[in-house]
Amino acid sequence: MTTPPSPPAAERTDGSSVRIGALVPLTRPGWVEAGQHLLAGLELAVREVNDGGGIVGRPLELVVRDTAADPQRAAAAVDELAHLGVAALAGEYHSVVARAAAARADTLGLPFLCSSAVLDALTEQPTEWVARLAPAQSHGWRIYADFLLSAGHSRIAVAAEPSVYWASGARILRDYLAPRGGTVIELDMRALAPTAVCDELVDNRATALLLLVGHPEPAVSIVKSVRRDQRLAEIMIGAPAGQPEFAEWATLLGEDSTAIPFLRYLPESLSPLGARVETALRERLAEAPSFVAFEGYDTVAVLADVLRFHGANRARTAASWPRVAVEGTRGQIEFSRTPGISVWQWAWTPVQVVDRDPARPDRFRILHAG
């Protein structure tokens, strides 16, 4: 960072902690496994910051609140954390939940570094208070659409549930594919049972089915139904939102969990920092860390760097987003204003399309990169 150290921050060496509020889905209907990985990354980075002397002699403290994928609960947590005096907010995985948190943080003047949520319109109006590490949905899903076209898929069905996030994803795919000869057929999962999806796929001559639905259900039931229908032996199932990233997917689906391409935000090979963090995260999680765990670690790395210069001063923290330059686990992190994105955005973290290898379901194959 190029910002000079702030004298008030340097004066605080009394041992009182600098607190960061962490928003994480840790109970259903939240995606619990994603929340656990996100929290593991946040906690590992906090431990390393404190091992290295903290924030100008003050320990960094994480104040965790479970959002449970509930926007109202997240907004209430932001209010509580602001009242508790946190210097900044971190985290959140679910886009619709992060949007509620970002709106509240903007209203309260509380810096929020969003770790994982990708919805383009994270706030209704441009804000100085919110920055984001994850790539915007329009960026990642266009890369996924490129993958579909390169794999020869032009008639693509989407099994979709109603939500802003899924509707946004379907629109991105349609707008990108239509000028390139692709067709998107929407299947409303409010009206269709998983078994009925198969008939729709046959009737519409779809060559690919994308799961724009919740995990584990109805995603798991849809996959099982399609895999067992002999008429659909050649169809590709895809999951751009990343459902197959986590071990629970393989546990629930077994052999059916493989060859389902999804988006993952990791480079082809990790830097020395990334490799070291991967080892520490694997030990902490007792399994391979997902990209979400790296997002958590990078979030705290950025906030710690900012806080060393500005202490707990919220306005100075928010003003520093455009001057951030931090080595993260997946590349150099800098924020900028990106057209169509209302928050300060890292443009861009590496994006891959990967799937689980049928020969070894615990191994991922990189199919496409953007």
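A pocket here is an open set of grid points, where a 1.4 Å probe fits, with protein on both sides within 12 Å along at least five of seven lines, and its lining residues have an atom within 4 Å of a point. The model is predicted.

**Largest pocket**

- The largest pocket holds about 610 Å³ of space.
- Its lining is made of 26 residues, and those closest to the centre are Trp-31, Tyr-93, His-94, Tyr-165 and Trp-166.
- Two helices, α4 (95–108) and α6 (164–177), each provide at least two residues of the lining of the largest pocket.
- The element that gives the most to this lining is α4, with three residues.
- Sorted by class, the lining of the largest pocket has 16 nonpolar residues, seven polar residues and three charged residues.

**Second largest pocket**

- The volume of the second largest pocket is about 490 Å³.
- This pocket has 24 lining residues, and Arg-264, Ala-288, Pro-289, Asp-362 and Phe-364 lie nearest its centre.
- Two or more lining residues come from each of α9 (247–253), α10 (272–285) and β16 (360–369).
- Strand β16 gives the most to the lining of the second largest pocket, with five residues.
- By class, eleven residues of this lining are nonpolar, three are polar and ten are charged.

- Strands of a sheet pair through backbone hydrogen bonds, and the pairing is either parallel or antiparallel.
- Strand β6 (residues 155–160) pairs with β7 in the parallel sense, over six bridges.
- Within this part of the sheet, Ala-159 stands opposite Leu-187 in β7.

**A helix on the sheet**

Terms used:
Residues numbered from 1 in each chain as written. Predicted model: local features only at pLDDT ≥ 70, side-chain atom pairs only at ≥ 80, totals over all residues. Heavy atoms only, no water. 1 Å grid on protein atoms, 1.4 Å probe; cavity = no way out; pocket = protein on both sides within 12 Å on 5 of 7 lines; lining within 4 Å. Points joined across faces, edges and corners; volume = space filled by probe spheres on them. Helix = DSSP H or I, 4+ residues; strand = E, 2+ residues; numbered from the N terminus. Nonpolar A, V, L, I, M, F, W, Y, C, P; charged D, E, K, R; others polar. Pairing = 2+ DSSP bridges.
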